Amino acid sequence: MDIVALLVVVAALWLAFKLVGFVLRAAMWALVLGGLYWLIAPLAGWPMPF
């Protein structure tokens, strides 16, 4: 395997880990915001999504 292919594989792995981190961080924020909405909606008279 030449050096260019090795660098491409390393860069692809690095980008994959960055993408997974972003997806997990976005899912965490979606859960936090959904939980806040679930707690505040009944008090504020907002519709509850089912």
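Visitor: Where does tryptophan 46 lie?
Guide: Tryptophan 46 sits in the segment after α1. Keep in mind that this is a predicted model.

Visitor: What does tryptophan 46 touch?
Guide: Tyr37, Ile40 and Ala41. That leaves out residues up to four places away in sequence.

Visitor: And how far is tryptophan 46 from leucine 7?
Guide: In space, 52 Å from C-alpha to C-alpha. In sequence, the two are 39 residues apart.

Visitor: Which nonpolar patch is on the surface?
Guide: Trp46 belongs to one, together with Met28, Trp29, Val32, Leu33, Leu36, Tyr37, Trp38, Leu39 and Ile40. Together they have about 1000 Å² of accessible area. One of these members, tryptophan 29, lies in helix α1.

Visitor: Switching to the helix. What should α1 span, at 1.5 Å a residue?
Guide: Helix α1 covers residues 3-44, which is 42 residues. The expected span is 1.5 Å times one less than the number of residues, so α1 should span 62 Å. Its end C-alpha atoms are 60 Å apart, which agrees.

Visitor: Where is the kink in α1?
Guide: At tryptophan 38, with a value of about 25°.

Visitor: What comes just after α1?
Guide: Glycine 45 is there, with a positive phi of about 80°.

Visitor: What about methionine 48, where is that?
Guide: Methionine 48 is also in the segment after α1. Its relative accessible area is 26%. That falls between the 20% and 50% cut-offs, so methionine 48 is partly exposed.

Visitor: Which residues is methionine 48 in contact with?
Guide: Trp38, Ala41 and Pro42, leaving aside neighbours within four places in sequence.

Visitor: How far is methionine 48 from tryptophan 38?
Guide: They are 10 residues apart in sequence. In space, their C-alpha atoms are 7.3 Å apart.

Methods:
Residues numbered from 1 in each chain as written. Predicted model: local features only at pLDDT ≥ 70, side-chain atom pairs only at ≥ 80, totals over all residues. Heavy atoms only, no water. Helix = DSSP H or I, 4+ residues; strand = E, 2+ residues; numbered from the N terminus. Bend = angle between axes of the 7 residues up to and from the residue. Contact = heavy atoms within 4.5 Å. Patch = residues over 30% accessible without salt bridge, like charges linked within 9 Å, V, L, I, M, F, W, Y side chains within 5 Å. Areas by Shrake-Rupley, 256 points an atom, 1.4 Å probe, with all protein chains shown as cover. Salt bridge = Lys/Arg side-chain N within 4 Å of Asp/Glu carboxyl O. Buried < 20%, exposed > 50% of the residue type's maximum accessible area, 1.4 Å probe, protein only.
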